[in-house]
Amino acid sequence: MAFTFPTYHAPDFSQAKFSAAPDAAWRFAETDGVAPEGFHSTSMYPEYFKIDGKWRLAEESRMDASVVIRNDGSLSVIENRNLKAGDRVILGRTENGEEGIYMHCCGFEEPGKALTDQFVFRQGRSRETSYARDYDSLIELLRYEKEHGNILWVMGPAFAFDEDARRAMQAVIENGYAHGLLAGNALATHDLEGALLHTALGQDIYTQKSQPNGHYNHLDIINRVRKSGSIPRFIEDYRIDNGILYSVVKKGIPFVLNGSIRDDGPLPEVIGDAYCGQKAMRGLVKKATTIICLATMLHTIAAGNMTPSFRVLPDGTVRPLYLYCVDADEFVVNKLLDRGSLSATTIVTNVQDFITIVAKGLRLA
């Protein structure tokens, strides 16, 4: 079945409330990194601003940032810490047109098809939820995005602890269903440990049995990668021929590894500065049209906070940006939704089972 996007329905700006609305107010930023009082903070939804009598869409949005009016009338969404003195920053705390600001939450819904019965027995997603249709939809989406979009994977280290999951993810990557990877030191370290020593944290990645002195394995891997100077050179030096990082390097797929205060080592490519890491993450998020977050609460919420619910294509078409969150813990997926990423599809399961089901659905396994 061919994949089709829901149609985007722009607001009807001929309505009286829009035509009578004032232009959005703005004020110059006086200091680098400081927004003027009363600044408008953005969301993940499409937001329109009335500038010189015309409603304009901020085409690249994210949560908790400011909107700057450029000299050509275009709008840039900028983290407050990145504002420059002299930027024209939009002001306003209402979002229904009263201040020349309109947040469009229902653009991908068919007009008049909202559920009238407000009582719904199941509203949350839990281990009891059936995800069969979610898997079917995701597989259709991935087949489309392989050729027409950009698929970004946000991964925790759980993949590296299971041989079947590593193989399934390797197949997904090598068959063109990945265009970027966000992770941390642990995923890369234990994946490379699995590739060279067939262990993760010293446990055999198939039998899960601890190996003699295995608690040294990941430290030895970090040390050897640092000696090689980079992950690609380590893969070459040790003739690595399997795993997630091997596949990413082999296919030339960009990856960002962000550090943590608890990291061992870390590996040479791991970014230790949190804000440099966030900037590198956003560089990949800005290209993405589908983002799949797997068993990593902090990376998932970080990615969710910088991900809008839509993408504007070069021809001006507005399409959905799909965000998936997969975790064995209901707390994680609900925390993402509580942070405001209400367009996310959440699946409560372990990621090892998830990726093997996806690989089978794509006929890769």
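1. Arg239 is exposed, at 76% relative accessible area (exposed is over 50%, buried under 20%, partly exposed in between, with a 1.4 Å probe and protein chains only). Its backbone is worth a look too: Arg239 has a positive phi of about 55° without being a glycine. Arg239 sits in the loop between α6 (231–237) and α7 (244–251); helices here are DSSP runs of H or I with at least four residues, strands are runs of E with at least two, and both are numbered from the N terminus.

2. A word on what you're looking at: this is a predicted model, with local features needing pLDDT of at least 70 and side-chain atom pairs counting only at pLDDT 80 or more, while totals for chains, interfaces and linings use all residues. Residues are numbered from 1 along each chain as its sequence is written, and side-chain values use heavy atoms, leaving out hydrogens and water.

3. Ala295 also has a positive phi of about 55°, and it is not a glycine. You'll find Ala295 in the loop between β13 (290–294) and α9 (297–305). At 23% relative accessibility, Ala295 counts as partly exposed.

4. Check the peptide bond between Gly265 and Pro266: it is cis, with omega about -10°. Pro266 belongs to the loop between β12 (255–258) and α8 (274–285). For context, most peptide bonds are trans, and most residues other than glycine have a negative phi.

5. On to the sheet. Four strands form an open sheet in the order β1-β6-β4-β5, with antiparallel pairing (a pair needs at least two DSSP bridges between the strands). β1 (26–28) and β5 (75–78) are at the edges with a single partner strand each, so one side of each has no neighbour in the sheet. On average, neighbouring strands are turned by 40° against each other, direction ignored. β4 (residues 66–69) pairs with β5 in the antiparallel sense over 4 bridges, and Val67 has Val77 in β5 as its bridge partner.

6. Last, a helix crossing. The axes of α4 (residues 185–197) and α7 come within 7 Å and cross at roughly 100°; axes are lines fitted to C-alpha atoms, for helices over the stretch in contact, with angles from 0 to 180 degrees between N-to-C directions. So α4 is roughly perpendicular to α7 (that covers 65 to 115 degrees; under 35 is roughly parallel, over 145 roughly antiparallel, the rest oblique).

7. Who makes that contact (heavy atoms within 4.5 Å)? Leu187, Ala188, Asp191 and Leu192 of α4 meet Ile244, Leu245 and Tyr246 of α7. The residues of this α4–α7 contact split into 6 nonpolar, no polar and 1 charged, where Ala, Val, Leu, Ile, Met, Phe, Trp, Tyr, Cys and Pro count as nonpolar, Asp, Glu, Lys and Arg as charged, and the others, Gly among them, as polar.

Note on methods. Contact = heavy atoms within 4.5 Å.
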